[in-house]
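Here are some notes to keep beside you on a first look through this model.

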2 protein chains.
Amino acid sequence: MSKVTPTLPKGTRDFGPDELRKRNYIFGIIRNVFEKYGFQPLETPVMENLSTLQGKYGEEGDKLLFRILNSGDFLKDVSQENLNYRQSSKVAHQISEKGLRYDLTIPFARYVVQHQHEITFPFKRYQIQPVWRADRPQKGRYREFYQCDADVIGSDSLLNEVELILIYDEVFRKLGLDVTIKINNRKVLRGIAELLGVARFNDFVIAIDKIDKIGYEEVAKFLEENKIVGEKRASVNFDKGNLSYYRDFFYDKDLTVLISEFKAYDNYEGKEGTEELKFIIDKATSIGKLSSSILFDTYLAPLPLIFDQKLARGLDYYTGTIFEVKANNVQMGSIGGGGRYDNLTGVFGLPGVSGVGISFGVERIYDVMEELKLFDNIDLQSNTTRALFINFGGEAETKAFQYLQQLRANDIPAEIYPSSEKMKKQIGYADKKEIPYAIFVGDEELKSGLVQVKDLKSGEQQFYSIEDVIELLSKKLS
Amino acid sequence: MSKVTPTLPKGTRDFGPDELRKRNYIFGIIRNVFEKYGFQPLETPVMENLSTLQGKYGEEGDKLLFRILNSGDFLKDVSQENLNYRQSSKVAHQISEKGLRYDLTIPFARYVVQHQHEITFPFKRYQIQPVWRADRPQKGRYREFYQCDADVIGSDSLLNEVELILIYDEVFRKLGLDVTIKINNRKVLRGIAELLGVARFNDFVIAIDKIDKIGYEEVAKFLEENKIVGEKRASVNFDKGNLSYYRDFFYDKDLTVLISEFKAYDNYEGKEGTEELKFIIDKATSIGKLSSSILFDTYLAPLPLIFDQKLARGLDYYTGTIFEVKANNVQMGSIGGGGRYDNLTGVFGLPGVSGVGISFGVERIYDVMEELKLFDNIDLQSNTTRALFINFGGEAETKAFQYLQQLRANDIPAEIYPSSEKMKKQIGYADKKEIPYAIFVGDEELKSGLVQVKDLKSGEQQFYSIEDVIELLSKKLS
């Protein structure tokens, strides 16, 4: 074994105790709300067959897959030509058949298809696991990061959308984050696209997605120049020959106006999309006000839900509602997103199963909470050591150990310093681990049957019976 | 996108809701006990640099590492000769620099060395994460499986061993498993090896490890034939020329006898090992009796700890105490193991840091608990849906949804069926998801302001105010 200075692979991180406690706090709140809404946990393997993953994330996505080298004599069957010409990407297919999971959605679709006969539909599952992408690492972008998804599959009821919005609202309120939940519907975009005579819908969606960043004028120019907006533009009076006339479609019109315009143009998709939106927004708003007033003791707090016809979302499997969540008052991309898909499992041979899901961007949520110092107000220490027994060795050690076990039997996390080192060292250990109390069981205490408890913050010291210590620390815990 | 019948890579598994709830129950109990004993969580990335992993698990282990193919044009710098001769193992080193974690111990050692200046020693960490081995899959052996470790590093006090034994005892009692915790010390084996004139200690340890399986006579033959027991056997009257004379060393002698024999032979390692064992066993037994009587209300239940000089453990980094846990009355390999190591971090440039750790074999613990039907007595449903609101559509749906949110606000997991399907379908959904109550809010209930609650097991139906429903279901939860 040679000595090497250890490092981590680029874009990966260790999570030490302090960071993990904060992360687990976020995961815990999300998990708890998911379960309250009837979602059940699922975990899939880190490795999937590449046949499952490839072709699902676009060409760019395929390049970002981490591939696992086949075991054993993997070069045996590689064609000599590919080797001679060092055709890395062709050889890659011949020497690796497994890859690391790229998201949680495709493994979920794979699971649903594999287990379709055991699953009770509508199937409400949540999944909180890491995923891997061979992206160039940069601030806030990692090669290993967690995703956190909830989906309902096998039901096209819009009540599911309503519930997912309520989940977003409850989770972010519980985390103390002020957010805006944006909602749109792909059918609205399809309707607009039809009226504009859009030739290539996917490119249109990707362009629209950029309005917030680069402004409508730039997007319109891009649409024209790249002939994404085609020649057979709708001939209704909607057609004024200049794309900038339609900017009001993306900026000024509210949902009610859009509904009547789509009706006027007899645009089926647009009509359906806007009506779905109206149903969801009305229901979510009325129930949402009620929920938050019960839950958070606020008088009919409004749901922070807004319709945004500029919302497009990148993924091409969305077919209906789309969501996105932004944190207010912070510079940060979206911290949540999702939508309805009508054919996620089709690629695995199970067509026509509608589903809708949301995702929490937990890595960004963590960063936002750090930036806003929201963790400062949260007690993350309840599962950490509450008291350290100072070790004086010999008989005193044995007695201290006995007391220690009594604390632990009462579910109070506690420790004894493992050896009778100098007092300064033992107290230093407690200080660094932020243990609030030190307990002394020395000669004097052995005689009296009491223990001395020192509050390490205030420095106060007092004698207690062990029963009183248990009561004191149990109270502090709850 | 082509249609493919989805499958999972060999040796990997999905965990659906039912299985996950059981697994999380086990993890939860272990995590809770770890934290009560002052251990802090750590998580490391799934990928490590191969320079960190290689050479740490023996030649066999290196072969079982899952390697990640480098991204991009990975063949660029591979030597033509290696390609021409299809030297898979040489090429592997040139085209992959990352691998999947093989265990949690080496990443932990890597973490400690990297963070040595921030860590407060003694550092008590626990880690519950999956690991990967390209082993041939078979019953009970997977390519992806969880490990669950607790280690104390930076303290050579034997109190740590005592605490780890108490952790084993508490966890297995809480899981309802009847176990035997075996303990030995590598120094005892070294002492015996010295007296026997063992030439190659590691081979000796591996052979001794097989006594339980193939019997002492076979092992003795193997030791002789392979010249593992050397010629310069100790000349004391211990030497009787025939290995079978020493079988009593492994079978009949108790710790007190061994201590005096090692003293008589003036065998330093043997003496130290047996004295350490005596200290640990005495302390653990006296404290352990006390702990279990407080915790489990049993009258001084004995700690199921036995000294077993045949216990050897495979890993060569152990230098002191070694542990192994077996489930009683079940055919199954060890469900836990661990030991003390004096130089785990040396390989990463930090020598002389002593540590001791234990591991829970959670996959096997799960299998044993299934076999003994121990999950039958455990309430795993407390976080699952307690009530399903039957959906009658329209105004009734809105009212039901409002009631639903009141239940959820009181932390009662509940659902509404997302659409007003036929009653049979809705009740069928509740049955399959094992939801105990159905709640009806129909026309009649809208008028009366009461809801009808049906116990889906007994079939009993009764009218309640929503406040009474909340009380009823909250009670059932706690």
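1. Let us start with the interface: 117 residues of chain B are in contact with 117 residues of chain A, contact meaning heavy atoms within 4.5 Å. About 9,800 Å² is buried between the two chains, and carbon and sulfur atoms give 60% of that area. Buried area here is the accessible area (1.4 Å probe) that two parts lose on being put together, summed over both. On the side of chain B, the residues that lose the most area to chain A are B:Lys36, B:Glu43 and B:Arg86, together 7% of what that side buries.

2. A word on reading the model: it is predicted, so local features need pLDDT of at least 70 and side-chain atom pairs count only at pLDDT 80 or more, while totals for chains, interfaces and linings use all residues. Residues are numbered from 1 along each chain as its sequence is written, chains are lettered from A and ligands numbered from 1 in the order in which they are written, and side-chain values use heavy atoms, leaving out hydrogens and water.

3. Helix 7 of chain A (residues 159–174) packs with helix 16 of chain B (residues 394–409) at an angle of about 30 degrees, their axes 13 Å apart. Helices are DSSP runs (H or I, at least four residues), numbered from the N terminus; axes are lines fitted to C-alpha atoms over the stretch in contact, and angles run from 0 to 180 degrees between N-to-C directions. The two helices are therefore roughly parallel, the term for angles under 35 degrees. Helix 7 of chain A contributes A:Leu159, A:Val162, A:Glu163 and A:Leu166, and helix 16 of chain B contributes residues including B:Phe401 and B:Arg408.

4. Finally, a pair inside chain A. Where does helix 9 of chain A meet helix 11 of chain A? A:Phe204, A:Ala207 and A:Ile208 of helix 9 meet A:Val219, A:Phe222 and A:Leu223 of helix 11.

Key. Parallel < 35°, antiparallel > 145°, perpendicular 65-115°, else oblique.
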